[in-house]
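Subject: Structure handover and notes

Hello,

Here is the structure we spoke about. Please open it alongside this message; my notes come after it.

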Amino acid sequence: MSILRADLPLAVLAELTHRCPLQCPYCSNPQQLLSARDELSTADWKRVIDQAAELGALQIHFSGGEPMMRRDLDELVGHAHAAGLYSNLITSGVRSGRDRLTALAQSGLDHVQLSFQDTDVQSAERIGNYSGAQDKKIAFAEEVCAAGLPLTINAVVHRQNLARLGEMIELALALGAARLEIAHVQYYGWALRNRGALMPTRAQVEAATRTVDAARRRLNRRLVIDYVVPDYFARRPKACMGGWGRRFMNITPSGNVLPCHAAETLPGITFDSVMDRPLADIWRSSVAFEKYRGTAWMPEPCRSCDRREIDWGGCRCQALAITGRADDADPACELSSNHQMITTLAEAESAETSDAFSYRRYHRPTA
């Protein structure tokens with residue numbers, strides 16, 4: 001398949017590490033976490049950054065895990081700046097001091113996204129399983145604004161914190177954020193493992209949507225609010241990362257290149273590494289990126305649907321998680337023969353009475 005200029009990647013997510021002080025039960029990292037010894041070196045990441053810029057990417061998002069666990073983060077940000085990439089730091093905010101943030105700003109960092117687990121301190125620290133996190137996050141947000149960097153607050157919402165959605169919106173305002181991203185948990189990886197403790201009720205989702213709509217009207221020029229609804233309560237699927245292999249690539253700490261965060265859950269697909277192939281070659285012609293790119297792979301009813309180049313068939317990882325087959329139509333779509341499966345799961349899981357989490361942790365192999 002020939003790739004048009006319009007289909008070159010807009011953004012690269014650089015997962016620098018899986019190391020993180022928090023243990024959020026909905027983390028997008030895989031359940032088999034990589035250790036520090038598996039991570040790309042500074043020189044390798046610099047080479048990848050150069051290749052991303054040469055390929056035509058415009059943005060690089062430094063993520064993890066917690067990217068501030070990497071001592072070379074300032075150097076990598078500076079290298080991205082020199083390469084002409086807009087850089088964004090996605091962080092928990094608990095591993096930074098004023099000096100580190102100043103160094104990042106001086107290196108050319110363009111934007112910061114800071115996660116909050118809740119507004120209630122006890123609940124927030126239980127969700128992340130990290131004592132003292134809330135005070136550190138608030139102090140970090142203040143330092144970001146003092147450094148003159150744009151701030152986005154990320155609020156991941158679910159059954160155990162949705163009652164305080166209005167407070168999260170007010171917190172973003174109080175911290176001086178220009179943007180708030182409210183994202184319902186997406187059920188892959190660790191979140192899939194914790195689905196019964198996280199799934200909201202339909203009433204909660206509907207109330208949250210009303211809260212967001214009212215806040216958008218009220219705060220029209222003061223705060224931009226992005227809102228990601230849960231697929232389990234949707235009628236039509238979302239385009240996964242703008243469509244498989246169309247706008248986005250995710251590079252794991254060890255250098256594997258993925259079309260989305262959870263792609264490694266798909267069986268039978270080998271994902272190429274930046275240690276073996278140039279980034280442009282992987283983007284343009286790797287078997288993994290070609291597999292679900294475009295529309296030729298689609299089953300019915302997707303193939304003949306007038307939305308096929310809008311949602312691009314939805315999410316392959318979700319199809320696998322619900323139906324057991326990645327090639328199936330995304331069950332979030334009401335036209336899918338499996339749509340009832342996802343609605344039934346949502347109703348059952350939202351009725352679970354246990355709020356206990358299986359936390360994101362490294363699991364040492366047994367002898």
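This is a predicted model: local features need pLDDT of at least 70, side-chain atom pairs count only at pLDDT 80 or more; totals for chains, interfaces and linings use all residues.

Residues are numbered from 1 along each chain as its sequence is written, and side-chain values use heavy atoms, with hydrogens and water left out.

Strand β4

β4 runs parallel to strand β3 (residues 86–91), with four bridges joining them; strands count as paired if DSSP finds at least two bridges between them. Within this pairing, L89 has V112 as its bridge partner. Together with helix α3 (residues 98–107), β3 and β4 form a right-handed β-α-β unit. Right-handed here means that, with the strands pointing away from the viewer, the path from the first strand over the helix to the second runs clockwise.

β4 also runs parallel to strand β5 (residues 151–157), joined to it by five bridges. There, L114 stands opposite I153.

Two buried residues

H111, in strand β4, counts as buried because its relative accessibility is 13%. Its side chain makes a polar contact with the side chain of T152 at 2.9 Å. A polar contact is a pair of N or O atoms within 3.5 Å; within protein, one must be able to donate a hydrogen and the other to accept it, and residues adjacent in sequence count only if both atoms are side-chain atoms.

R70 sits in the loop between β2 (59–63) and α2 (73–82). R70 has a relative accessible area of 6% and is therefore buried. The R70 side chain reaches the backbone oxygen of L40 at 2.8 Å.

Strand β7

β7 (residues 224–228) has a covered face, made of I225 and Y227, and an uncovered face, made of V224, D226 and V228. Five bridges join β7 to strand β6 (residues 179–184), and the two run parallel. I225 is the bridge partner of L180.

Cavities

A search of the whole structure gives two cavities of 30 Å³ or more. On a 1 Å grid over the protein atoms alone, a cavity is a set of points where a 1.4 Å probe fits but cannot get out, and lining residues have an atom within 4 Å of a point.

The largest cavity holds about 120 Å³ of space. Among its 14 lining residues, P237, C302, C305, D311 and C333 are the closest to its centre.

The second largest cavity holds about 30 Å³. Its lining is F116, D118, T119, I153, A155, M168 and L171. β5 and α6 (165–174) are the elements that give two or more residues to this lining.

Regards

How values were computed: On a 1 Å grid over the protein atoms alone, a cavity is a set of points where a 1.4 Å probe fits but cannot get out, and a pocket is an open set with protein on both sides within 12 Å along at least five of seven lines; lining residues have an atom within 4 Å of a point. Grid points are joined across faces, edges and corners, and a volume is the space filled by probe spheres set on the points. Buried means under 20% relative accessible area, exposed over 50%, partly exposed in between (1.4 Å probe, protein chains only).
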